[in-house]
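Biologist: I am new to this structure, and I would like to learn how to read its features step by step. Could you take me through them?

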Amino acid sequence: MFQVNVSFPSGRCETLSLPELSTVGDLKILAQRSLGEGFLKLVTVKGHVLSNPKDSLQAAGIQEGEHLTAVAQQAKVAASLTAFALWCSGGNQVITWGNPLAASGCLSVQDQLSNVQQVQATEFALAAI
């Protein structure tokens with residue numbers, strides 16, 4: 001098992017154990033559950049934001065016993081007449097729901113959505129910026 005220390009700037013800390021072949025996404029989900037926060041940004045001591053959930057811990061440069069800072073993010077919502085989008089500024093994921101004909105377009109471009117700053121809505125469309 002691989003251990004990583006994740007703490008909030010306030011000092012609240014959790015030591016997390018993950019299998020060695022885990023990804024950044026696995027770490028983020030475990031940190032969210034352990035710290036009780038739904039939207040977290042994880043930052044290394046060198047200031048590098050762990051932004052690609054598909055990266056292995058090794059590829060992201062995370063070492064055994066690493067100390068990471070967790071920054072809670074506020075989720076934002078945009079709505080058209082038939083669909084909704086949920087995201088965090090600077091995040092790599094936009095979650096959509098609503099009328100399948102209106103909200104399903106996000107699935108086809110999910111891998112292209114990175115560093116989303118905002119989502120704008122019109123009556124019938126959502127656009128990630």
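Biologist: Which residues does Gln 32 touch, not counting residues up to four places away in sequence?

Modeller: Contact means heavy atoms within 4.5 Å, and by that rule Gln 32 touches Glu 37, Gly 38, Phe 39 and Leu 40. This is a predicted model, in which local features need pLDDT of at least 70 and side-chain atom pairs count only at pLDDT 80 or more, while totals for chains, interfaces and linings use all residues. Residues are numbered from 1 along each chain as its sequence is written, and side-chain values use heavy atoms, with hydrogens and water left out.

Biologist: Is Gln 32 buried or exposed?

Modeller: Buried means under 20% relative accessible area, exposed over 50%, and partly exposed in between (1.4 Å probe, protein chains only). Gln 32 has 18% relative accessibility and therefore counts as buried, whereas Trp 97, at 40%, counts as partly exposed.

Biologist: What is the strand order in the open sheet?

Modeller: Strands of a sheet pair through backbone hydrogen bonds, either parallel or antiparallel. Here, an open sheet of three strands runs in the order β5-β6-β7 with antiparallel pairing, where strands are DSSP runs of E with at least two residues, numbered from the N terminus, and two strands pair if DSSP finds at least two bridges between them. The edge strands, each pairing on one side only, are β5 (76-79) and β7.

Biologist: How many bridges join β6 and β7?

Modeller: Strand β6 (residues 83-87) pairs with β7 over four bridges, in the antiparallel sense, and Ala 85 stands opposite Thr 96 in β7. Trp 97 also belongs to strand β7, which spans residues 95-98.
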